[in-house]
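Subject: Structure handover

Hello,

Here is the structure for you to look through. My notes follow below it.

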Amino acid sequence: MVVGALATWASEATAGRLLIPAVYAEADLADEAGAATLLLRGALDSETRPVIPAVEMAAYKQPITLGTAQQSLKTFGADRVVWGHLDRIGSTLVMRASVIDETGAITQSVSATAPDGDVRDLIEEIAEDAASALGMPKPTVADASLGQLRPFVLAARLSLAGQWAAAASVLEAGDPVVAARIAPARSAARQVWSRADLPLPARLTAVVAGGTPRDDPRRRR
């Protein structure tokens, strides 16, 4: 047990950043894939192996695929990619994920299934297997349903498209408890409330959804 713990610590101590691109899926599974992305990034993020923030990845215009993983790692200064693909077979969600090293080689492939809509249980299994392959401790996947995650998923998607007012609008349904549990969800709201060009009411919607930040725009009035 002690030897295993020391091995995990040594692996984490020498680890670099972790690149987790958006989980790939067809259009009819866009919300489920977005929720899976938020949960996976939140579960695997740590101080010793931080996940590259979505806002940083957004500036990279090239798609991150299995074929471009090696170049993407160099671009971001990361040492591993966790690339995921989500599908639906009948009433079952199926996710496959690959851990890719700096040479572009797949070092581990993992997969999981769950009932349609049960994204959290799906990611719990994927995250645990991916963490094991990365030499990380067993991760904790936040407790949040697809419905609770959807406002943050939509806000992130609209923000990428530059539709900031629409992103603020969908955050009206965002639950700050979810944002408190899942850092990538909180980050999706932060991107909106940090937009000084948005009207104050729109920014305050994002503030409420993401939990009142220290830079609450109401304090600048």
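How much accessible surface does the protein have, and what share of it belongs to carbon and sulfur atoms? The accessible surface comes to about 10,900 Å², and 53% of it belongs to carbon and sulfur atoms. Please keep in mind that this is a predicted model.

**Overall layout**

The protein has 221 residues, and 45% of them count as buried. Its secondary structure comes to 10 helices and 4 strands. From the N terminus, the elements run α-β-α-α-α-β-β-β-α-α-α-α-α-α. Take the contacts with a separation of 6 or more: 56% of them come from residues 24 or more positions apart.

The 4 strands form an open sheet in the order 1-2-3-4, with mixed pairing. Strand 1 (17-19) and strand 4 are the edge strands, and each pairs on one side only. On average, neighbouring strands are turned by 20° against each other, direction ignored.

Two helices to look at here are helix 2 and helix 5. Helix 2 (residues 30-44) packs on the sheet and touches strand 1, strand 2 and strand 3. The direction of helix 2 makes about 145° with that of strand 2. Helix 5 also packs on the sheet, touching strand 2, strand 3 and strand 4. The direction of helix 5 makes about 160° with that of strand 4.

Now strand 3. Strand 3 is mostly covered, with 7 of its 9 residues buried. Strand 3 pairs with strand 2 in the antiparallel sense, over 9 bridges. Asp87 has Val94 in strand 3 as its bridge partner. Gly84 stands opposite Ala97, again in strand 3. The hairpin of strand 2 and strand 3 has 2 residues between the strands, and Gly90 there takes a positive phi near 65°.

Ser98 has Ser109 in strand 4 as its bridge partner. Strand 3 and strand 4 form a hairpin too, with 5 residues between them. In that turn, Gly104 has a positive phi of about 90°.

**Salt bridges**

A search of the whole structure finds 11 salt bridges. I will go through three of them.

Arg80 pairs with Glu102, and their closest N and O atoms are 2.7 Å apart. Arg80 lies in strand 2 (residues 78-89), while Glu102 lies in the loop between strand 3 (92-100) and strand 4 (106-115), so the pair ties together parts that are 22 residues apart in sequence.

Arg88 and Asp116 meet in a salt bridge at 3.0 Å, N to O. This pair links distant parts of the chain, 28 residues apart. Arg88 is in strand 2, and Asp116 is in the loop between strand 4 and helix 5 (119-133). Arg88 has a relative accessible area of 27%, so it is partly exposed. Asp116 has 37%, so it is partly exposed too.

Arg195 forms a salt bridge with Asp197, with the closest N and O atoms 3.0 Å apart. Arg195 counts as partly exposed, at 27% relative accessibility. Asp197 is exposed, with a relative accessible area of 56%; the cut-off for exposed is over 50%.

**The aromatic pair**

The structure holds 1 aromatic pair. Tyr60 and Phe76 form it, edge-to-face, at 5.1 Å centre to centre. Their planes stand 70° apart, and edge-to-face calls for over 60 degrees. The pair links distant parts of the chain, 16 residues apart. Tyr60 is in the loop between helix 3 (54-58) and helix 4 (69-76), and Phe76 is in helix 4. Are these two residues buried or exposed? Both Tyr60 and Phe76 are buried.

Best wishes

Methods
Residues numbered from 1 in each chain as written. Predicted model: local features only at pLDDT ≥ 70, side-chain atom pairs only at ≥ 80, totals over all residues. Heavy atoms only, no water. Phe/Tyr/Trp six-rings, centres within 6.5 Å; stacked < 30°, edge-to-face > 60°. Buried < 20%, exposed > 50% of the residue type's maximum accessible area, 1.4 Å probe, protein only. Salt bridge = Lys/Arg side-chain N within 4 Å of Asp/Glu carboxyl O. Pairing = 2+ DSSP bridges. Contact = heavy atoms within 4.5 Å. Areas by Shrake-Rupley, 256 points an atom, 1.4 Å probe, with all protein chains shown as cover. Axes fitted to C-alpha atoms, helices over the stretch in contact; angles between N-to-C directions.
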